[in-house]
Amino acid sequence: MSLTSTAFTNSSSPALASLPQFDRPTFLMCPPEWYDVNYVINPWMAGNLHRPSRDRAFEQWKELHQHLQRIADVRLIHGQPDSPDMVFVAHAALVQHGVAAISSFAHPQRQTEEQHLRRWFQKAGFLVWETPRETCFEGEGDALFNSAGDHLWAAHGVRTCRQSHRHVADAWHTTVTSLHLVDPRFYHLDTCFAPLSGGHLLYFPGAFDAPSLARIEAGYAPENRIAVTEAEATHFACNVINVGQSILMAAAGSDLAQRLGRLGYEVTELDLREFIRGGGSAKALTLRLSDSRITSGLPAQP
Ligand code: ARG
């Protein structure tokens with residue numbers, strides 16, 4: 001990794017050894033102080049303008065926060081009045097090895113979040129990897145490491161530009177596979193694709209074009225692929241938080257929790273309906289700060 005690269009913008013250019021390291025699963029969350037549906041930038045928001053109840057949203061968020069605190073450390077960033085979607089903090093960056101690739105949101109309505117997250121990461125000592133405005137990139141919304149943390153899956157087609165994939169992967173000198181999203185309901189990779197700690201992949205095949213499905217199938221053996229139905233996918237069944245064997249997710253309205261249970265996962269289903277009105281669920285409300293391996297419960301890289 002080159003510290004002289006112009007994409008890094010930490011004034012102090014810290015040595016890599018001094019970057020934040022987490023020996024426990026650690027996430028960032030943003031309370032829904034200013035959460036609302038103020039505009040429509042995804043199909044889920046249509047018909048939901050100003051419909052979320054802030055009280056219910058707070059209850060649901062607190063419940064998720066409490067459950068997550070039992071299995072991980074949770075840091076907080078305050079929401080901002082000009083950023084009603086900031087609660088979906090997963091999309092503001094992608095983090096690994098103390099480096100935070102900051103998003104360049106596709107929509108001006110979410111671009112206001114970037115400065116707040118950049119400041120938080122700089123203050124917390126992360127090395128900030130900038131992404132150019134002209135090649136949109138929406139953080140963990142569209143880029144997910146496998147559980148071993150040595151390969152990146154990145155989506156394009158709706159929000160994130162394909163041209164951003166190589167630039168983002170360069171922050172860690174990692175390999176990257178591009179996937180093309182084709183259904184506007186599944187506008188972020190984290191709505192239809194979730195690498196799990198046991199080496200499984202939870203995914204909705206209908207969200208991808210045929211070449212992308214072939215790449216997914218080449219990356220995950222049949223016995224490791226857990227395909228969800230369209231009905232499950234529309235309950236945000238792939239938007240899960242996975243820490244070790246634990247999974248936190250919105251109720252999938254099916255037997256998916258039992259199916260995951262048979263594979264060794266402990267699933268907790270939560271009511272996150274106020275956030276689904278905005279187009280996001282459990283995973284979208286958290287941003288992973290600890291390395292993928294630590295979060296997955298794998299031994300740290302030798
Ligand atoms: N309103 C937010 C947006 O459209 C919701 C993000 C939730 N995203 C997700 N991947 N679940 O950007």
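Gly125, which follows helix 2, has a positive phi, near 90°. The model is predicted, with an average pLDDT of 93 for the protein chain. That chain contains eight helices and 15 strands.

Helix 2
- Helix 2 spans residues 108–123, and its buried residues are Arg110, Glu113, Glu114, Leu117, Trp120 and Phe121.
- An α-helix has 3.6 residues a turn, so residues three or four places apart point the same way.
- Among the elements covering the buried residues of helix 2 are strand 3 (93–96), strand 4 (99–102) and strand 5 (127–129).

Overall fold
- Along the principal axes, the C-alpha atoms occupy a box of roughly 50 × 45 × 35 Å.
- Buried residues make up 49% of the 302 in the protein chain.
- Of the contacts with a separation of 6 or more, 71% join residues 24 or more positions apart.

Ligand shell
- The ligand has 17 residues around it, and those that come nearest are Phe88, His188, Gly279, Gly280 and Ala284.
- By class, the shell around the ligand holds four nonpolar, ten polar and three charged residues.

Confidence
- A pLDDT of at least 70 is reached by 94% of the residues.
- Residues 1–5 stay under 50 in pLDDT, and the model gives them four contacts beyond four places in sequence.

Methods:
Residues numbered from 1 in each chain as written. Predicted model: local features only at pLDDT ≥ 70, side-chain atom pairs only at ≥ 80, totals over all residues. pLDDT = per-residue confidence, 0-100. Contact = placed C-beta atoms within 7 Å. Helix = DSSP H or I, 4+ residues; strand = E, 2+ residues; numbered from the N terminus. Buried ≥ 20, exposed ≤ 12 C-beta atoms within 10 Å, placed from the backbone. Near = placed C-beta within 6 Å. Nonpolar A, V, L, I, M, F, W, Y, C, P; charged D, E, K, R; others polar.
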